[in-house]
Number of protein chains: 2
Amino acid sequence: VGERVVVSLADVARAADVSMATASRALNNAYGVSPVTRSRVLEAARRLDFVVSPDAARLASGTTNAVAVLVQHLDRWYFGEMVAAIESILSGAGYDVLLYHVNTQEDRSKFFADLPARRKVDGVIVVAFPISDYERERLELMDVRIVAAGGQSVAYPYVSIDDGRAVQQALEHLIRLGHRRIAMVTASGDTLAPAETGRTDAYRDALEEAGIAFDPELLVTCEWGGVPAAEATERLLGLKQLPTAILAHSDEMALGCMRTLRRSGVRVPEDISVIGIDDHPLAELADLTTVRQSVSEQGRLSAELLLAFLDGVDAETEQVTNTYVVTRRSTGPVNTSRAR
Amino acid sequence: VGERVVVSLADVARAADVSMATASRALNNAYGVSPVTRSRVLEAARRLDFVVSPDAARLASGTTNAVAVLVQHLDRWYFGEMVAAIESILSGAGYDVLLYHVNTQEDRSKFFADLPARRKVDGVIVVAFPISDYERERLELMDVRIVAAGGQSVAYPYVSIDDGRAVQQALEHLIRLGHRRIAMVTASGDTLAPAETGRTDAYRDALEEAGIAFDPELLVTCEWGGVPAAEATERLLGLKQLPTAILAHSDEMALGCMRTLRRSGVRVPEDISVIGIDDHPLAELADLTTVRQSVSEQGRLSAELLLAFLDGVDAETEQVTNTYVVTRRSTGPVNTSRAR
């Protein structure tokens, strides 16, 4: 970490060729600054990595009483339920929730470039995506508290499930039903996140623990999503020796697996069992066995963790919530006549 | 509408037994006011219906550059996708998005009671729920622009699909396939919304237009959701003469219908066709025929409509986006041997 050069408001004003009063008004989004001038000042502040002193800002305007929630994929159940739970706790405590939806690399870069120069929030909750070192530095410049909701994070306090344990529970369920030829359809990282290998590693570990040799052709990787999972399952159906069970990375992906099996006339669970992870609200309608996680509990706990920090209260900085198997009709005993 | 009594800051200060400076700081969430005093001032402001003059507030702090998004059920795809699209347009235009998730009557009352006294936003987007007359008055007290995203609204400018047209398209699709005995599984209003009768009325109208007599036992009503729809479908299967097709209020509900049919050994579409409304991302995985609406388009357009108002630009205040049938495997020609 390099030395922090202290940049003053005067430096910003000089770089933007405006008075200090104008620079201050521009940074505080105040009345009487033209859009052109404001953007020139913000650009100068960004270039110089100028950070409004939190103390000065607090003194000038009070604490912000606002928290930023940084989220992607809000159109997916997991993210929506998480944000709803976070909002409920924060608004109950009198905080405003500033929503930042960052689905593209461009959104994300803009968020991290703009935020530190305009200190608007007391804390940030990052929902289930990894933060790069550069981004972490930007957040730290703001001197706000940061919590990760969902997705274990080494850099921040977090609330999450234990992904490895969830996979282990799924495999234990299948192995108890007599399955040994168990495939996994796993998601590679999306454009914003590095490849998530935790669940895949856990799959290999759990097989090994059960004395089942890992067969690389049973591990198929695709992009996150139901349709990619449906296509990946076609690859599994092309194998000489079929699996008797499939573990999918998530319930949405399990529904994709089930579509391919249904279209191919493969009976679930008589021919092949399918298990997901999540307990998505629609899993129940698909009769899908799954490893349940409570997303709203993770959301609530992460918001409470942030509130504890903001109140200066000690709190457990690595909180892991429970998962367990919900048995439905998509898994059953291995069909020994077919399995060999 | 009664006369508006002008309440001054001095009235609020007197009612709360504090100085005007303290009352002002409390209302502006500023530094140096104890939580107890602040809540006393806010309570007095609420009791007196005190509204910070928008002009005074703008003069003091600039425009807020923030928009409130009022939403319920954020854990459902429709609402998450809508908010994501709204956020994308607003943040691109330099606005902050303040998220208010109001799932219970309590959340909702709190939002409407608190908001006017603390003018924090330039506009409000209400996502797909009706606003009562009292609530409308509270919003108007704020003197901010309001837009409804999804859900046709008589009181505000809106962007929405034509619900009646969507139902008509579904019925036309089924009727073209030879169906005449067409059931509908419809959602009654939830706790926050009055019963939504638009889709049910459209079902009756479309039948009439096709010269099909309305049979009340084919119209079953339940709470919104997949499991209630699954139960409602059991009622349909108890009829002496089964329907040959089912229209569900939404895709999530159609998935509930399909579960009951699957568990009962009723083949889809050979015995009974099923069609939904939405094109939920998981509809494709269930091979569900549906009437597609673009939620992200409605979100984008409603945010753009609000921005036009904020910029003082004229814009079309009643915008209706397209819907169309996406044909998948859950609908097929009527089975005349069964339908007689």
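I count a contact where heavy atoms lie within 4.5 Å. On that basis, 42 residues from chain B and 42 residues from chain A take part in the contact between the two.

**Ground rules.** This is a predicted model, in which local features need pLDDT of at least 70 and side-chain atom pairs count only at pLDDT 80 or more, while totals for chains, interfaces and linings use all residues. Residues are numbered from 1 along each chain as its sequence is written, chains are lettered from A in the order in which they are written, and side-chain values use heavy atoms, with hydrogens and water left out.

**Confidence.** I looked up pLDDT, the predictor's confidence in each residue, from 0 to 100. Chain A has a mean pLDDT of 85, and 87% of its residues reach 70 or more. In residues 53-62 of chain A, the pLDDT is below 50, and this stretch has 15 contacts in the model beyond near neighbours in sequence. Residues 191-195 of chain A also stay under 50, with 10 contacts beyond four places in sequence.

**The interface.** Next I took the buried area, the accessible area (1.4 Å probe) that two parts lose on being put together, summed over both. Chain B and chain A bury about 3,600 Å² between them, and 53% of it is on carbon and sulfur atoms.

I then searched for salt bridges (a side-chain nitrogen of Lys or Arg within 4 Å of a carboxyl oxygen of Asp or Glu). The rule finds four across the interface of chain B and chain A. I also searched for polar contacts: a pair of N or O atoms within 3.5 Å, where within protein one must be able to donate a hydrogen and the other to accept it, and residues adjacent in sequence count only if both atoms are side-chain atoms. The interface of chain B and chain A has 14 residue pairs in polar contact, both at pLDDT 80 or more.

Which residues make up the side of chain B that touches chain A? They divide into 16 nonpolar, 11 polar and 15 charged. Here Ala, Val, Leu, Ile, Met, Phe, Trp, Tyr, Cys and Pro count as nonpolar, Asp, Glu, Lys and Arg as charged, and the others, Gly among them, as polar.

**Symmetry.** I superposed the copies by least squares on the C-alpha atoms of residues with pLDDT of at least 70 in both. Chain B can be laid on chain A with an RMSD of 0.0 Å, by a turn of 180° and a shift of 0.0 Å along the axis. The two copies are thus related as by a two-fold rotation axis. Of the residues of chain B, B:Leu98 comes closest to that axis, at 2.4 Å (C-alpha). Of the interface residues of chain B, 100% are also interface residues in chain A, so the copies meet through the same surface.

**A:Asp287.** The side chains of A:Asp287 and B:Arg263 meet in a salt bridge (2.4 Å, N to O). A:Asp287 has a positive phi of about 60° although it is not a glycine.

**Cis bonds.** I noted that most residues other than glycine have a negative phi, and most peptide bonds are trans. The bond from A:Val268 to A:Pro269 is cis, with omega near 5°. The bond from B:Val268 to B:Pro269 is cis too, with omega near 5°.
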